There are 2 protein chains.
Amino acid sequence: MHAYEKIRAEMLRRIASQDWPAGLTLPHEEQLAEEFGVARGTVRRAMADLVEQGLIERKRRAGTKVASRSAHSSTLTIPIVRKEITASGAQYGYKLLTSEIGGAELDPTGHFARAQLLKIASLHLADGQPYQLEERLISLEAVPHAADHDFSAISPNEWLIEQVPYSAVRTVLRAEAADEVQALHLKIARHSPVFVIDRQTRLDTMPVTLVKMSHRAASFSITTTTNSAG
Amino acid sequence: MHAYEKIRAEMLRRIASQDWPAGLTLPHEEQLAEEFGVARGTVRRAMADLVEQGLIERKRRAGTKVASRSAHSSTLTIPIVRKEITASGAQYGYKLLTSEIGGAELDPTGHFARAQLLKIASLHLADGQPYQLEERLISLEAVPHAADHDFSAISPNEWLIEQVPYSAVRTVLRAEAADEVQALHLKIARHSPVFVIDRQTRLDTMPVTLVKMSHRAASFSITTTTNSAG
DNA sequence: AAGTGGTCTAGACCACCGC
DNA sequence: CGGTGGTCTAGACCACTTG
């Protein structure tokens with residue numbers, strides 16, 4: 001175990017035991033470095049992890065304070081749908097539903113500013129059963145060669161993730177009552193619960209793609225785990 | 001803009017432009033340090049961010065490779081429900097529904113091993129309207145003084161988060177059709193979609209609490225953002 | 001204005017692991 | 001075994017921000 005890990009563990013212990021209660025201002029880096037018998041950089045390395053976990057807050061001049069916990073923060077990982085399905089042991093299937101090219105009228109959200117758009121609907125299947133309905137808009141400004149690509153064999157999900165780097169993603173999760181399109185393709189009754197992931201991807205300031213992924217409710221869950229520092 | 005930020009941006013550019021395609025082994029730290037005219041530590045600082053974003057993968061002896069992107073990874077933050085409501089400008093309200101003490105029979109999941117349990121149901125309101133139904137089990141082994149606490153004024157959500165440090169959290173998100181309890185308290189029709197967050201919290205290996213938070217579908221969303229390096 | 005955290009350096013040594 | 005990334009040091013200087 002490295003020095004910074006020991007220091008991090010000890011600081012974690014003090015916070016957990018309320019030895020360092022929420023709101024307390026900690027000793028300076030130099031004081032802690034002296035206490036633990038290490039260089040200042042090693043203390044900084046330990047504290048960096050605690051900052052990332054949201055356990056402490058640091059500000060120049062004001063010092064380092066134990067954060068009052070006001071939220072759980074976790075890492076949420078959404079894998080490529082094909083890998084998600086095969087990882088569960090099921091057979092992966094894919095079907096292109098519709099594909100059309102048009103202008104801003106395809107984009108009800110106004111996320112894209114008057115760009116040429118490619119609109120694709122497709123279905124991902126697990127063991128032949130509908131698993132995820134993918135409704136996607138792709139900016140042909142950001143990804144010009146998408147117009148020439150044949151999405152009947154490879155899903156846009158997979159193709160885009162390999163082709164286009166993104167710099168910022170906005171993800172919204174919600175529960176919805178199935179509309180007609182969702183009910184039809186997911187083979188569920190109208191108004192059944194569906195789990196929806198909306199994602200907007202940008203490259204710098206340019207919108208790249210906007211996707212709505214609908215899952216049959218019972219079949220979908222996301223698991224997150226905080227990275228424990230202990 | 002600091003040196004490490006410039007370097008990170010330049011490396012990001014090379015990856016984005018496929019100048020450094022996925023799978024490529026990058027030059028060593030020392031070579032990059034020389035190229036950019038900085039110390040090795042500064043290059044490391046830049047690369048740390050890229051590792052965290054999942055854009056590169058590093059292994060001793062094997063070197064640094066551009067990662068082939070296979071998943072989106074985001075930070076998911078679930079705030080205290082009261083803060084979530086007041087942040088939206090609505091008036092926060094809270095109501096204790098039921099509270100009882102019992103044994104393992106209260107725990108259908110088997111998460112708690114034969115501990116004394118406190119079972120609490122409560123409701124969080126936004127502008128007087130039901131917002132979240134909170135159904136919670138608390139281990140009295142982990143939090144003995146919870147039995148003596150009056151939860152009619154302060155929600156267990158808020159009280160626990162201040163009282164008990166946790167070390168690991170498991171979160172599952174899903175869409176459900178409302179059952180009778182959910183329909184009654186959230187004032188929605190049975191089988192309407194509800195957005196459910198299940199959370200299990202442990203302190204080291206000891207289970208602390210298990211909570212099911214149900215939201216009216218239309219009213220709930222979680223937003224995640226990747227920390228952009230650009 | 002001063003004290004805090006943040007960046008950066010130049011160097012040493014360590015530890016993992018693929019060749 | 002050797003080369004890579006990982007840790008650590010002792011120091012300098014910078015920049016933010018609050019008292």
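A residue counts as buried when its relative accessible area is under 20%. By that cut-off B:W159, with a relative accessible area of 8%, is buried. The model discussed here is predicted.

**Surface near DNA strand D**

- There are 21 residues around DNA strand D, and those that come nearest are A:A3, A:A39, A:T42, B:H28 and B:R40.
- By residue class, this surface has eleven charged, five polar and five nonpolar residues.
- Sugar or phosphate accounts for 66% of the atoms of DNA strand D within 4 Å of the protein, and bases account for the rest.
- On the phosphate side, A:Y4 has a polar side-chain atom 2.9 Å from a phosphate oxygen of DNA strand D.
- On the base side, the side chain of A:R40 places an N or O atom 3.3 Å from a base nitrogen of DNA strand D.
- The side chain of A:R60 likewise has an N or O atom 3.2 Å from a base nitrogen of DNA strand D.
- In chain A, α1 (3–16) and α3 (40–52) each give two or more residues to this surface.

**Domains of chain A**

- Chain A has two parts, domain 1 (3–67) and domain 2 (77–219).
- Taken over C-alpha atoms, the centres of domain 1 and domain 2 of chain A are 43 Å apart.

**Aromatic pairs and a charge over a ring**

- A pair of aromatic rings is described by how far apart the centres are and by the angle of the planes.
- Over all chains, the whole structure holds three aromatic pairs.
- One of them is the stacked pair of A:F195 and B:F195, with 5.9 Å centre to centre and 25 degrees between the planes.
- This pair joins two chains, because A:F195 lies in strand β8 (residues 193–203) of chain A and B:F195 in strand β8 (residues 193–203) of chain B.
- A:F195 has 0% relative accessibility and therefore counts as buried. B:F195 is also at 0% relative accessibility, so B:F195 counts as buried.
- Another pair is edge-to-face: B:F151 and B:W159 are 5.4 Å apart centre to centre, with 85 degrees between the planes.
- B:F151 has a relative accessible area of 3%, so this residue is buried.
- Elsewhere in chain B, B:R45 sits over the face of B:Y4, 4.0 Å from the ring centre.

**Helix α5 of chain B**

- Helix α5 (residues 156–163) of chain B is mostly covered, with six of its eight residues buried.
- Those buried residues are B:P156, B:N157, B:E158, B:W159, B:L160 and B:I161.

**Residues with positive phi**

- Most residues other than glycine have a negative phi.
- A:K187, which is not a glycine, has a positive phi near 55 degrees.
- A:K187 is in the loop between α6 (180–186) and β8 of chain A. Its relative accessibility is 59%, so A:K187 counts as exposed.
- B:D127 is not a glycine either, and its phi is positive at about 50 degrees.
- The loop that holds B:D127 runs between β5 (117–126) and β6 (129–139) of chain B. At 52% relative accessibility, B:D127 counts as exposed.

- A:D198 is part of strand β8 of chain A. With a relative accessible area of 19%, A:D198 is buried, since the cut-off is under 20%.
- A:D198 and A:P144 are 54 residues apart along the chain, and 23 Å separate their C-alpha atoms.
- A:D150 is in the loop between β6 (129–139) and α5 (156–163) of chain A. At 49% relative accessibility, A:D150 counts as partly exposed, because exposed means over 50%.
- The side chains of A:D150 and A:S152 are joined by a polar contact of 2.8 Å.
- A:D150 and A:S99 are 51 residues apart along the chain, with their C-alpha atoms separated by 9.8 Å.

Notes: Residues numbered from 1 in each chain as written. Chains lettered and ligands numbered in written order. Predicted model: local features only at pLDDT ≥ 70, side-chain atom pairs only at ≥ 80, totals over all residues. Heavy atoms only, no water. Near = heavy atom within 4 Å. Polar contact = N/O pair within 3.5 Å; in protein donor to acceptor, adjacent residues only side chain to side chain. Helix = DSSP H or I, 4+ residues; strand = E, 2+ residues; numbered from the N terminus. Nonpolar A, V, L, I, M, F, W, Y, C, P; charged D, E, K, R; others polar. Domains from an automatic or database assignment. Phe/Tyr/Trp six-rings, centres within 6.5 Å; stacked < 30°, edge-to-face > 60°. Buried < 20%, exposed > 50% of the residue type's maximum accessible area, 1.4 Å probe, protein only. Lys NZ or Arg CZ within 6 Å of the ring centre and 35° of its normal.
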